[in-house]
Amino acid sequence: MGNVYIDELTGLYNEKYMSDYADNFILKNQNTRVIMIDLQRFKQINDIYGHEIGDECLKCFARVLNQIFNNKEVSIVSRLHGDEYCILTILTPEDINKKLNEVATRLQFIYLSRITPCKINFNAGDSKVVLSFDKSKTIADYMMYHAKKNDMIYQTYDKRIWTKKLEEDLFQTQLDSLINDNSLVYSTRELFTKQGEKSNISQIYTKNASGKSFLGEGNYSRIEGSILSQSLDMHNLNYFIENITKLRNKGIILFDHKSLLKYEDIISKTENLTEHQKKKIIIASDLRHIDRREARTIRQAISELRKANIGFVLDKIDSSIPDNVFESLATDYFRFSPNFWKQSMSDPKKYAILKYKLKMLAEVAPETITLFDFIDNEEEHNYLSGLISENSLVSGNNYSKEKKLKFTR
């Protein structure tokens with residue numbers, strides 16, 4: 001067989017071996033499962049400790065995998081590339097789970113024994129090989145991603161998870177097509193003052209030709225943080241700018257926080273607008289779960305957008321937003337999460353938090369405009385009227401139905 005099939009760093013089988021011999025193993029074993037594994041935050045290990053320590057971690061992990069899955073009649077262990085490993089096995093999901101927990105226990109012991117300077121963690125997912133090795137590897141890889149996303153060691157194949165993934169892929173394909181074909185339509189919700197008078201601000205929603213919102217019904221989470229989301233943001237901004245002379249109101253456009261990292265592109269798109277036109281653009285973004293490494297750039301982005309006369313809304317404020325965010329982000333608009341303020345109607349703890357945040361905003365930034373969406377009935381209207389200031393703006397079915405906004409290119 002020769003060294004062409006052996007990974008030089010770890011001594012495991014390599015990707016070429018899997019490519020050439022996986023089908024043989026699968027043909028001999030009808031119940032073959034493929035397990036995909038990668039290490040958590042391996043890039044950080046390299047950045048903090050250096051590539052030499054990173055290589056030692058890769059070798060250490062390979063040794064542990066080989067020791068636990070040590071029967072070559074039952075399992076074949078390989079390193080594909082980087083920190084990605086693959087195992088072909090005839091073990092059941094229950095046995096795989098036990099062995100992966102053994103791997104985690106062994107790695108914990110190694111770390112506590114100071115054999116490695118950093119703890120090695122991993123995530124794994126699997127799939128039964130049905131159609132082909134490559135297709136099953138793709139499914140197992142997504143199960144691994146699901147495990148990583150949900151802080152689990154191992155996720156065996158789950159039809160519901162995979163079906164949801166296929167639905168997300170279909171949604172993204174359709175949205176990408178609509179963006180490229182300029183086939184999106186837009187609707188607005190008018191914002192009203194506390195007294196029920198129309199304000200000069202509207203919320204703009206992206207929709208498809210049938211009028212269904214892309215950002216509702218959980219669809220936004222399907223693209224959040226992705227290149228597609230950023231593409232949609234820029235598409236919406238371009239449309240708004242091209243039609244800005246036809247619009248009386250300012251328009252709030254929902255942006256993925258990742259798009260803010262490219263704030264220079266946003267500002268460059270508005271360079272030829274008048275100052276009055278620039279003031280019509282208000283960008284809203286949810287910053288509750290941003291990476292700490294992104295925080296400084298996002299603060300700078302908001303500052304530069306405001307210097308360019310583009311407004312910014314800190315979106316979906318709830319109890320998870322720390323107080324210092326209010327103080328450190330210089331912005332004129334704060335929008336509270338509908339779920340949060342609606343729950344505060346019956347939850348005393350959330351009510352106290354909401355009241356405190358509104359009071360703090362009034363003291364720290366008295367000119368701040370607070371926004372409350374999706375007020376559906378008189379009870380919700382009366383509840384908020386007792387809390388909000390004269391600077392607050394509201395919207396929802398209790399005030400006005402949404403309207404189509406006819407943009408043209």
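This is a predicted model: local features need pLDDT of at least 70, side-chain atom pairs count only at pLDDT 80 or more; totals for chains, interfaces and linings use all residues.
User: Why does Asp-7 count as buried?

Analyst: Asp-7 has a relative accessibility of 13%. Buried means under 20% relative accessible area, exposed means over 50%, and partly exposed lies in between (1.4 Å probe, protein chains only). Residues are numbered from 1 along each chain as its sequence is written, and side-chain values use heavy atoms, with hydrogens and water left out.

User: How do you know how confident the predictor is in the protein chain?

Analyst: Look at pLDDT, the predictor's confidence in each residue, from 0 to 100. The chain averages 88, and 92% of the residues score at least 70.

User: What makes the meeting of Arg-79 and Asp-7 a salt bridge?

Analyst: The term asks for a side-chain nitrogen of Lys or Arg within 4 Å of a carboxyl oxygen of Asp or Glu. Here N to O is 3.1 Å, so the pair qualifies. The two residues are 72 apart in the chain, with Arg-79 in strand S2 (residues 75-81) and Asp-7 in the segment before helix H1 (15-28). Those names come from DSSP runs numbered from the N terminus: helices (H or I) have at least four residues, strands (E) at least two. Arg-79 is also buried, with a relative accessible area of 12%.

User: What makes a group of residues a nonpolar core?

Analyst: The members must be buried Ala, Val, Leu, Ile, Met, Phe, Trp, Tyr or Cys residues, joined through side-chain atoms within 4.5 Å. The largest such core has 51 residues, and Ile-281 and Phe-372 are among those with the most contacts inside it. Helix H8 (residues 227-242) gives the largest share, seven residues. Apart from this core lies another, of 29 residues, including Leu-12 and Tyr-154.

User: Why might such residues gather?

Analyst: In soluble globular proteins, nonpolar side chains tend to be buried together.
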